[in-house]
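Here is a walk through how this structure is put together, one piece at a time. Keep the 3D view open and follow along.

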Protein chains: 2
Amino acid sequence: MRIIIDAMGGDHAPDDIVRGAAETADLIDHEIVLVGDEARVNAALDAADFEYDRSKLSILHAPEVIETGESPVKAVRRKTESSLVKGLEALKNGEGDLFLSAGNSGAIMAGGIFILGRIEGFERPAICSAYPILETGATSILIDSGANAELRAGNLLEFAVMGSIYANSVLGIESPSVGLVNMGTEPGKGSAMLKEAYGLLTKAKEEGLVPGFLGNVEARDVPLGICDVIVCDGLVGNIILKMTEGMALSISHLIRKKFTEGIIPKMGAVLLNNKLMELKKAFDYQEYGGAPVLGVKGAVVKMHGSTDAKGVMKSIARAIPFMENRVVENIGKSMAEISKIERNE
Amino acid sequence: MRIIIDAMGGDHAPDDIVRGAAETADLIDHEIVLVGDEARVNAALDAADFEYDRSKLSILHAPEVIETGESPVKAVRRKTESSLVKGLEALKNGEGDLFLSAGNSGAIMAGGIFILGRIEGFERPAICSAYPILETGATSILIDSGANAELRAGNLLEFAVMGSIYANSVLGIESPSVGLVNMGTEPGKGSAMLKEAYGLLTKAKEEGLVPGFLGNVEARDVPLGICDVIVCDGLVGNIILKMTEGMALSISHLIRKKFTEGIIPKMGAVLLNNKLMELKKAFDYQEYGGAPVLGVKGAVVKMHGSTDAKGVMKSIARAIPFMENRVVENIGKSMAEISKIERNE
């Protein structure tokens, strides 16, 4: 199979992106296509201070770059010669089986929707992030982690199905448990939309489509690892990720203070602080290998803007089962069942 | 002035509620009215093992009790002889200036709305919780912390005004800073409702009604104490509180594990853990003295269901400036200005 990488997206592009790709090329059985300015990509390949099989890497020339600050929709429409647009077009045309980019997040979403198109019936593609559980070292899946501020109840059912397929095919969790984030565990809790989503998910559980549905879960239990797939809208998903980061920071500041006051001995303070900074770093996606965009007709992975060569390697490694196990195809096949439940048949 | 206390509400009622009230009576210049079953309240007063001036306490007999599990609206309508209903009626009739209850939260909200009524123009009363900042020991105000899952943009403007008045009058913060929780700091972020709320709050800032409006804030900065008044709907408020609690628990588990593994020396582990458990306890409201219900025609404070005598004392102490500084009256006076902004005049 073939992996297409946006060589020009991200804070450290093209050097770190190209270096990460080159380091990975020797370790995997797939070919890699680097999309970007040919001269700059070649220069980055030449600069590599390690041995690798250059024949496994090819370049698809794209003279334009979509910058971080640009309006996503406009940029995707106007910059038809950009690495992002040309990479997604190559994926669409079957010249590759997976696309990764550390570029403008909004443009990756917009490009996914406009160039690849939505999987039939999936109204709202979502970003699916890995949520690390501090105590156990396990990983939950948070979907949607920030793409959609406003949704219908049916979209949350779609997220639950997509998240379960991903957790199963990519993380290898046999029967993933699924929780709907709400302000209480009782069925009647929350907004009209959340109540309706609870009803749809309950039906999907009965029909065997989301067999692992646990019901509503409280945010309190998310960092404790209550379920494998955490379902919520993008606003709630953003708040869960950002509160995790903020609390890790706040407690890290406290540890530093207590250490300075001589209350916590140095050794303990340093070790604990490192663990919290690891957690914080995990939320830069780097360690956890990129976030797939689910619901579009193609395997797309959004890497963090500040990803380095190591991050690129991890992202590719994590994305390989996403590509090989035909997650996008399986998501598409689930729509018939989702529609039945939504139409209440 | 007179403080009315629901002697029958809460897990430790009437004993701990009455004890806390009796211990407070000697320390304050106000009278206390205990609402509840006369015989049981008297027995609890008799049981006190300390000296206090019983003449400062009176009893308002109420034979019925609204239990925790009861449907709030039904209970308030049917149990007209309950301590909650009789207490709120006494407040409405001017027999007291403040009402505190550790009873059924939903029934306190419903009773506030049905018995006292909403302050003219305030569509949605909100629960205003204290949010403790771990690093500095300061306190932010979180409004709404869980009462309303669905809101209009105008309601968030009302919360910003009510929260600012409370922070100023009760916490003594001269010009409270106000942040709108959103999934990014840029003005165009979030749902249509959040975008509209941002517009209303910007206008309210220009007009001097919410001079401390900082704009959108990310959840990441909430635990770091970015603003005095955190404005959000009840679902987001609940998630912020519950994520704080969940992260404190999760990190506390990690500390215990690292201590057991011999990585953190005992002294440091114990001290840090205590700090995290303090934070967790703070979210039981007890330490932070109850949460006012803002937007109803009367000073109402919801104490935590598991509050003990010490918690009752702290809740009364915190609620006294809420009563003395006529917060409810000042909130009422702000409606003319709020309406102007909402009508875009």
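This is a predicted model: local features need pLDDT of at least 70, side-chain atom pairs count only at pLDDT 80 or more; totals for chains, interfaces and linings use all residues.

## How the two copies relate

What about the surface they use to meet? Of the interface residues of chain B, 100% are also interface residues in chain A, so the copies meet through the same surface.

## The sheet in chain B

Start with chain B, where 11 strands make up an open sheet with mixed pairing. Reading across, the order is β3-β2-β1-β4-β11-β10-β5-β6-β9-β7-β8. Which strands stand at the edges? Those are β3 (57-61) and β8 (213-217) of chain B; each has a single partner strand, so one side of each is left without a neighbour in the sheet. On average, neighbouring strands here are turned by 25 degrees against each other, direction ignored.

For a look at one pairing, go to β4 (residues 98-101) and β11 (residues 300-302) of chain B, which run in the parallel sense and share 3 bridges. Within that pair, L100(B) sits opposite V301(B) of β11(B).

## Helices on the chain B sheet

Helix α1 (residues 15-25) of chain B lies across β1 (2-6), β2 (31-36) and β3 of chain B, and runs at about 170 degrees to β2(B). Helix α2 (residues 38-46) of chain B also packs on the sheet, where it touches β2 and β3 of chain B. The direction of α2 makes about 155 degrees with that of β3(B).

## Where α1 meets α10 in chain B

Besides lying across strands, α1(B) has a helix partner: its axis and that of α10 (residues 309-324) of chain B come within 7 Å and cross at roughly 50 degrees. How are the two helices set relative to each other? The crossing angle of roughly 50 degrees makes α1(B) and α10(B) oblique to each other, and their crossing is right-handed.

On the α1(B) side, the contact involves D16(B), I17(B), R19(B), G20(B), A21(B), E23(B) and T24(B). They meet A309(B), V312(B), M313(B) and I316(B) of α10(B). By class, the residues of this contact come out as 6 nonpolar, 2 polar and 3 charged.

## Where α6 meets α7 in chain B

Now look at α6 (residues 153-169) and α7 (residues 192-206) of chain B, whose axes come within 8 Å and cross at roughly 45 degrees. That makes α6(B) oblique to α7(B), and α6(B) passes α7(B) in a right-handed crossing.

Which residues do the touching? From α6(B) they are A153(B), G154(B), L156(B), L157(B) and A160(B). Facing them in α7(B) are M193(B), L194(B), E196(B), A197(B), L200(B), L201(B) and A204(B). The residues of this contact divide into 10 nonpolar, 1 polar and 1 charged.

## Over to chain A

In chain A, 11 strands form an open sheet with mixed pairing, in the order β3-β2-β1-β4-β11-β10-β5-β6-β9-β7-β8. At its edges are β3 (57-61) and β8 (213-217) of chain A, each pairing on one side only. From one strand to the next, the twist averages 25 degrees.

Helix α6 (residues 153-169) of chain A touches β5 (126-132), β6 (139-143), β7 (178-181), β9 (229-231) and β10 of chain A, and its direction makes about 165 degrees with that of β9(A). The axes of α6(A) and α7 (residues 192-206) of chain A come within 8 Å and cross at roughly 45 degrees, in a right-handed crossing.

Definitions and conventions
Residues are numbered from 1 along each chain as its sequence is written. Chains are lettered from A and ligands numbered from 1 in the order in which they are written. Side-chain values use heavy atoms; hydrogens and water are left out. Two strands pair if DSSP finds at least two bridges between them. Helices (H or I, at least four residues) and strands (E, at least two) are DSSP runs, numbered from the N terminus. Axes are lines fitted to C-alpha atoms, for helices over the stretch in contact, and angles run from 0 to 180 degrees between N-to-C directions. Contact means heavy atoms within 4.5 Å. Angles under 35 degrees count as roughly parallel, over 145 as roughly antiparallel, 65 to 115 as roughly perpendicular and the rest as oblique. A crossing is left-handed if the near helix is turned anticlockwise from the far one by less than a right angle, and right-handed if clockwise. Ala, Val, Leu, Ile, Met, Phe, Trp, Tyr, Cys and Pro count as nonpolar, Asp, Glu, Lys and Arg as charged, and the others, Gly among them, as polar.
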